[in-house]
Amino acid sequence: MAGGAVPADLAFRFGSTASAVRFVQALRPADAGPPDNALLVCDRHTAPLLPAGAPAPLVIEAEEADKDWLAVARVIDAAHRAGLDRGARLTALGGGVLCDVVAFAASVYLRGVRLVLIPTTLVAMVDAAVGGKTGIDYAGRKNLIGSFYPAAEVVIWPGALRSLPARQLAAGMAEVVKTALLGDLGLVEVLERDGGAAVTGDADAACSVIRRCLQVKGGIVAADPTERTGRRDVLNLGHTFAHALEAVTGFGPWNHGEAVAWGIARAMDLGARLGDTPGEHRTRVLALLRSLRFRLQAGAEAPPEEMVAAMAADKKRRGGQLRFVLQRGVGDTFVRAVDRADVLEVLAAAAR
Ligand SMILES: NC(=O)c1ccc[n+]([C@@H]2O[C@H](COP(=O)([O-])OP(=O)(O)OC[C@H]3O[C@@H](n4cnc5c(N)ncnc54)[C@H](O)[C@@H]3O)[C@@H](O)[C@H]2O)c1
Ligand SMILES: [Zn+2]
């Protein structure tokens, strides 16, 4: 890690609870939790990241397919067997899946114990670890079961990113771009100038990018901690398109971040078509996504009719119309209903 100072720590308030965010240059045994009345949970990719002297972890499987009751039961069972009481601490060292599972377990074990998240993917650092959403998948639906339970503490250790596969890092970059577009013009400029090196270059640079993302996300979430007022909806920029692409292509060829980058491009196309997004903003965002090497054409993989059907199926559960998050510019984001015909036309143009 380069020498400079670690950026100032952050704190976010969500209603009556608060999350403290701490940036560390190296993970210390104490970050992984105390020896007593505590449980540390890792998966097989993150257990090797633990420093010598850290408590022995519970190692669970934490791929998306494992984000289920069984994973939660394993955590709760281990907590119970270890005799953890209401003053206990649960610590998660892992990606978004592991963080979501451990956070859910922490929210229900003894009606809630202290939760510390140490995210190890870029997605988890900029998105999953802050915002208070926990969850598991059920009956084919992502995050059908869960709770709002902000971590008491989030420890950001960018050194974890060194072992992250490139594709997984890129997935995180898509959420970084999304977050920057939602509220940090300076960060958009950093990404335009430095590209992926803004995160991979050195740990100080990574801390700065992550801190800026957390400030944007934390601000949006604090205004709507339990997703009641619609203020959080803007966090779904690019996601209606992305979810449909993931579904239509069978959750494989495109990972979530790749689909989000593609979806942000389509949100720009749609906004421009409707006259909401100025041409310069669309051009700028597409150029940024291209410079980060995201794939912006899905070709025959995204048949427009199938895509719109997938969007409609997704929306039906939330009651009706096709609605999209669109932008007039960086930090100027809104949600509006859109005619099916406009969505079809944007998808057809993107497939050509
Ligand atoms: N709670 C929220 O607000 C929120 C927000 C965004 C995403 N999520 C959830 O996060 C999940 C996606 O998380 P993700 O993108 O972090 O992927 P992930 O948790 O599935 O991890 C991807 C892979 O990377 C491995 N890994 C993790 N850290 C590593 C490291 N430092 N080095 C090497 N390998 C490592 C994991 O073991 C796994 O194999 C989804 O389930 C999504 O629903 C939740
Ligand atoms: Zn996302």
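**Questions on burial, salt bridges, metal and domains**

Student: What is the relative accessible area of Arg-273, and which class does that value give?

Tutor: This is a predicted model, in which local features need pLDDT of at least 70 and side-chain atom pairs count only at pLDDT 80 or more, while totals for chains, interfaces and linings use all residues. Residues are numbered from 1 along each chain as its sequence is written, chains are lettered from A and ligands numbered from 1 in the order in which they are written, and side-chain values use heavy atoms, with hydrogens and water left out. With a 1.4 Å probe and protein chains only, buried means under 20% relative accessible area, exposed means over 50%, and partly exposed lies in between. Arg-273 has a relative accessible area of 44%, and is therefore partly exposed.

Student: Which residue forms a salt bridge with Arg-273, and where do the two partners lie?

Tutor: A salt bridge requires a side-chain nitrogen of Lys or Arg within 4 Å of a carboxyl oxygen of Asp or Glu. For Arg-273 the closest N and O atoms are 2.9 Å apart, the partner being Asp-342. The pair links distant parts of the chain, 69 residues apart, with Arg-273 in helix H9 (residues 256-273) and Asp-342 in helix H12 (residues 340-351), where helices (H or I, at least four residues) and strands (E, at least two) are DSSP runs numbered from the N terminus.

Student: Is the pair formed by Lys-217 and Asp-127 buried or exposed?

Tutor: Lys-217 and Asp-127 form a salt bridge whose closest N and O atoms are 2.7 Å apart. Lys-217 belongs to helix H7 (residues 203-222) and Asp-127 to helix H3 (residues 122-128), so that the pair links distant parts of the chain, 90 residues apart. Lys-217 and Asp-127 are both buried.

Student: Which residues coordinate the zinc ion (ligand 2)?

Tutor: Donors are N, O and S atoms within 2.8 Å of the metal (3.2 Å for Na, K and Ca), and sites may look incomplete because water is not among the atoms. The donor residues are spaced E-x63-H-x16-H in sequence. One pair of them, Glu-175 in helix H4 (residues 166-183) and His-239 in helix H8 (residues 239-248), ties together parts that are 64 residues apart in sequence. At 2.1 Å, the ion is coordinated by Glu-175 (OE), His-239 (NE2) and His-256 (NE2).

Student: What area is buried between domain 1 and domain 2?

Tutor: The assignment, whose bounds come from an automatic or database source, gives domain 1 (10-222) and domain 2 (237-351). Contact means heavy atoms within 4.5 Å, and 21 residues of domain 1 are in contact with 25 residues of domain 2. Buried area is the accessible area (1.4 Å probe) that two parts lose on being put together, summed over both. Carbon and sulfur atoms give 66% of the area between these domains, which is about 1,800 Å².

Student: Which element gives the largest share of the side of domain 1 that touches domain 2?

Tutor: Two salt bridges are counted between the domains, and the side chains of Glu-258 and Arg-167 meet in a salt bridge at 2.7 Å, N to O. The elements that give two or more residues to this side of domain 1 are H4 and helix H5 (185-194). The largest share, twelve residues, comes from H4.
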